Amino acid sequence: MKLRPVLLRGCLSAIAILLFTFRLFAQESSTAPEQLRPDARFKADVLVVVAHEDDEVMIAGYLAKLAQDEHKRIAVVYVTNGDGGGNAVGNEAGAALGQERQMEARRALASIGIENVWFLNQHDTPNQNVLFSLGHWDHGHVLGALVRLMRITRPDVVLTWLPDPVSGENHADHQASSVVAAEAFDAAGDATKFAEQISPAKNRTGMSNLTEGLLPWQPQKLYFFTDAYEVFTPYWYDAKKQSPFRKNLGEGTGPSFAMTETSPSRHMSYAQIEADEQTYYMTQEGQLGVDAVKAKNFKTFEFPVKLILGKSVVGGSVTGDVFEGVRTEGVPFKPVHGYAAEGKRGVTLEIGDPWRFYSLFWNAHDLDRMAALIPVPEMEADYGEWLNVELRACNYTDHDAAIDLSAELPTGWVDHAQYKRYPVRAGECYPVTAMVSARSSGDEKWDELTWTATQDGHSVGSVTVRVFVGKVGSMPR
Ligand SMILES: [Zn+2]
């Protein structure tokens with residue numbers, strides 16, 4: 001059958017209109033929906049990274065001021081679950097205590113307006129060597145997990161413990177939490193670090209996702225607080241423990257916040273808010289808070305909260321406000337200096353770990369201000385207590401060398417050195433543990449100890465450390 005020409009034209013026109021309509025429709029549906037933004041419920045202005053459930057008590061008055069009076073968004077990460085601590089009120093210990101401490105932390109933080117709380121579930125490791133804590137934790141896993149949380153919370157400011165050995169509680173977990181915080185600060189914005197976290201998810205609403213769909217994030221300012229005895233807190237406030245050899249590390253190194261001021265929203269002092277926050281930690285030192293609240297005496301909570309500026313990628317003054325210079329729109333990735341070969345020469349004596357680690361770490365992570373805080377290594381000893389001081393006899397020449405070590409100790413100290421001479425091959429360092437015991441009497445005060453290295457009777461280097469001798473903490477050393 002043949003169509004008549006008029007009918008054929010009519011059919012072709014109808015097809016053309018259909019095709020045109022289909023094209024229009026196809027063009028309209030070719031526009032993709034808008035990209036989703038990072039989940040705003042988890043955005044933090046300040047991310048606090050600490051080791052144990054109750055570490056934040058020392059700065060809780062300041063955190064309450066930020067969260068409840070300045071309406072800043074705060075998130076807190078606890079790296080361990082506190083399973084190594086004691087229990088002041090119950091039989092629960094170890095993993096059971098860890099579970100209870102996490103709940104204490106949730107309640108304590110809720111009391112000051114903080115709901116976003118994360119736990120990395122590492123083991124609490126009571127000791128004073130940061131490298132032991134990092135080794136006992138799964139360092140790489142913790143770093144990846146913290147980088148993930150920085151990319152989720154997108155903090156402008158990171159607040160953590162001081163990465164430096166101090167005379168004080170000097171808990172190595174505290175230092176280790178700050179080491180991973182500083183590492184994550186520098187890694188979260190780097191698209192080559194933990195790249196699986198920032199590759200787009202392939203099927204967001206389905207079950208075939210391969211990667212995490214986060215975005216890189218560069219935090220802007222890094223601040224520290226410390227458990228050094230010289231920065232007073234509800235736990236310690238004895239002026240005798242302050243080193244006479246140098247400036248107080250808490251003075252002029254960062255902003256300070258008065259705890260005697262009244263919170264406009266809570267109608268009580270920040271000191272009282274801090275004492276109240278501590279009452280949630282009954283397995284720990286919660287009783288200090290309970291006693292203060294009962295007696296309405298918040299004197300020991302009234303010491304100002306002192307922060308130490310670690311670094312800023314957006315400028316601002318050292319003692320200015322934490323948010324000075326912060327750009328709400330975010331900042332581009334800021335690469336750090338990184339590790340470089342040290343290029344040393346000759347035969348010499350050096351301090352060993354953890355002090356050596358820190359001098360390399362601060363340099364690599366652009367924490368240049370840290371070296372001046374405690375220019376000579378410090379530690380503490382109870383009367384008569386044995387101390388191990390790690391040294392390195394180093395030979396950076398191309399000939400083998402014999403290095404002799406001798407100790408110059410204050411009255412009453414005893415040198416327990418096993419060897420005097422160390423054979424050090426060309427290009428190597430010999431790790432030496434110098435063993436001494438502290439004087440068993442005398443005033444509570446600071447002493448100086450010096451080890452000198454000689455080669456063929458000539459001095460080639462020395463290491464001095466300063467030790468507070470007196471009634472000190474119980475942390476295993
Ligand atoms: Zn702690």
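Start by colouring the two domains: the centres of domain 1 and domain 2, taken over C-alpha atoms, are 32 Å apart. Domain 1 covers 40-312 and domain 2 covers 347-469, with bounds that come from an automatic or database domain assignment. Their contact takes 22 residues from domain 1 and 21 residues from domain 2, where contact means C-beta atoms, placed from the backbone, within 7 Å. On the domain 1 side, select α4 (130-136), α6 and β8 (308-312), each of which supplies at least two residues touching domain 2.

A note before going further: this is a predicted model, in which local features need pLDDT of at least 70 and side-chain atom pairs count only at pLDDT 80 or more, while totals for chains, interfaces and linings use all residues. Residues are numbered from 1 along each chain as its sequence is written.

**Zoom out**

Show the whole protein chain as a cartoon and you'll see 9 helices and 17 strands; these are DSSP runs numbered from the N terminus, helices being H or I with at least four residues and strands E with at least two. The C-alpha atoms fill a box of roughly 120 × 70 × 45 Å along the principal axes.

**Into the core**

Next, select Leu 63, Ile 74, Leu 146 and Ala 184, which touch the most other members of the 91-residue largest nonpolar core. Such a core is a set of buried Ala, Val, Leu, Ile, Met, Phe, Trp, Tyr and Cys residues joined through C-beta atoms within 7 Å. Buried means 20 or more other C-beta atoms within 10 Å of a residue's own, exposed means 12 or fewer, and partly exposed is in between, with C-beta atoms placed from the backbone. Helix α6 (residues 172-187) is the top contributor here, giving 9 residues. Both domain 1 and domain 2 give residues to this core, so it lies between them. Apart from it sits another core of 28 residues, with Val 347, Val 389, Cys 394 and Cys 429 among them.

Now click on Leu 109 in helix α3 (residues 94-111). Leu 109 counts as buried because it has 26 C-beta neighbours inside 10 Å. Beyond four places in sequence, Leu 109 touches Val 76, Ile 114 and Val 117.

**A helix crossing**

Bring up helix α2 (residues 60-69) and helix α7 (residues 270-278): their axes come within 8 Å and cross at roughly 110°. The axes are lines fitted to C-alpha atoms over the stretch in contact, with angles from 0 to 180 degrees between N-to-C directions. To see the contact, show Ala 60, Gly 61, Ala 64 and Lys 65 of α2 against Tyr 270, Ala 271, Ile 273, Glu 274 and Glu 277 of α7.

Most residues other than glycine have a negative phi, and most peptide bonds are trans. For an exception, go to the peptide bond from Asp 353 to Pro 354, which is cis with omega near 5°. Pro 354 is in the loop between β9 (347-351) and α9 (355-364).

Then pick Asn 121 in strand β3 (residues 116-122), where phi is positive, near 60°. Last stop: Asp 456, in the loop between β16 (445-455) and β17 (458-469). Phi of Asp 456 is also positive, near 55°, and with 9 C-beta neighbours inside 10 Å Asp 456 counts as exposed.

Key: Contact = placed C-beta atoms within 7 Å.
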